[in-house]
Amino acid sequence: MIEIKNRYTGAVIYTSATATEVSVALMEAVKADANLRGAYLRDANLEGANLRDANLRDANLGGAYLRGANLRDANLRDANLRDANLAGANLTGAKFGDHVCNGKLMQVLNVAEWGAVIAYITDKAELRVICGCRHMSIDEIEAHLKDRADRKMSRVALEMIAAWRKGIA
């Protein structure tokens, strides 16, 4: 039996009587249209999981292994993705706050002081960046880093993102 709990209250939000792995329980929950808002999935191995249309708003996915996962049209608003591995994940239509991913994604793992950096292009062709649970534009990040000489690796991450953006434009 696997229980998926709320990250804030500890209350059980979904129980699978048959699953032996978190990824299987989570896919069952999504298939059952369970509300997974605020789910505690820190460090979960969700490789290849089909989480299409999942409501993972406010979920703690920090350190989760989501390589190759299908997160198409998932609600990831305010989700903690710090150090999550999203390599090869399908994020087309995924909602990050007021922004929707068009499927173009770049992940820079553990290069910045704040951990993994994830850049994505929105459905309105805007470049957005996720740093932990913060979702910002490049301008917002540059303003945040202004007068912060100690953030050298963060600047390297921004340069990598700028080069990636040029390559897909």
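## Salt bridges

A salt bridge is defined here as a side-chain nitrogen of Lys or Arg within 4 Å of a carboxyl oxygen of Asp or Glu. In this predicted model, local features need pLDDT of at least 70 and side-chain atom pairs count only at pLDDT 80 or more, whereas totals for chains, interfaces and linings use all residues. Residues are numbered from 1 along each chain as its sequence is written, and side-chain values use heavy atoms, with hydrogens and water left out.

The count of salt bridges comes to five. One of them joins the side chains of R77 and D78, at 3.8 Å from N to O. Burial is expressed as relative accessible area: buried means under 20%, exposed over 50%, and partly exposed in between (1.4 Å probe, protein chains only). On this scale R77 is partly exposed, at 26%, and D78 is partly exposed, at 38%.

R52, R72 and D73 are linked in a network of salt bridges. The side chains of R52 and D73 meet at 3.7 Å, N to O. This pair links distant parts of the chain: R52 and D73 both lie in the loop between α1 and β3 (95-96), 21 residues apart. D73 also forms a salt bridge with R72, in which the closest N and O atoms are 4.0 Å apart.

## Overall architecture

The protein has three helices and seven strands; helices (H or I, at least four residues) and strands (E, at least two) are DSSP runs, numbered from the N terminus. From the N terminus on, the order of elements is β-β-α-β-β-β-β-β-α-α. The radius of gyration is 16 Å, close to the 15 Å that the globule rule gives for 169 residues, so the protein is as compact as a globular protein of that length. This radius is taken over C-alpha atoms, and the globule rule is 2.2 Å times the number of residues to the power 0.38.

Along its principal axes, the C-alpha trace spans about 50 × 30 × 25 Å. Of the 169 residues, 46% count as buried. Contact means heavy atoms within 4.5 Å; among contacts between residues at least 6 apart in sequence, 26% join residues at least 24 apart.

## Model confidence

The predictor's confidence in each residue is given as pLDDT, from 0 to 100. The protein averages a pLDDT of 84, and 91% of the residues score at least 70. Among the elements, strand β4 (residues 99-112) has the lowest mean pLDDT, 70, and β1 the highest, 96. Where pLDDT is low, the predicted coordinates should not be read in detail.

## Nonpolar cores

A nonpolar core is a set of buried Ala, Val, Leu, Ile, Met, Phe, Trp, Tyr and Cys residues joined through side-chain atoms within 4.5 Å. The largest core holds 38 residues, of which L36, L51, L56, L61, L66, L76 and F96 touch the most other members. The elements that give two or more residues to this core are β1 (2-5), α1 (22-31) and β5 (115-122). Of these, α1 gives the most, with four residues.

Leaving out residues up to four places away in sequence, F96 touches L76, R77, L81, L91, C101, Y120, I130 and H135. Another core, of 14 residues, lies apart from the largest one and has V117, I121, I141 and L158 among its members.

Strands count as paired if DSSP finds at least two bridges between them. Strands β1 and β2 (residues 12-16) run antiparallel and are joined by four bridges. Within this pairing, E3 stands opposite T15 in β2. The hairpin has six residues between its strands, and G10 takes a positive phi near 80 degrees.

A119 is found in strand β5 and counts as buried, at 0% relative accessibility. Apart from neighbours within four places in sequence, A119 is in contact with K104, L105, M106, L127, R128, V129, I161 and W164. By contrast, A119 and A32 are 31 Å apart in space, C-alpha to C-alpha, and 87 residues apart in sequence.

S137 is found in strand β7 (residues 134-137) and is buried, with a relative accessible area of 18%. Beyond neighbours within four places in sequence, S137 is in contact with L127 and R128.
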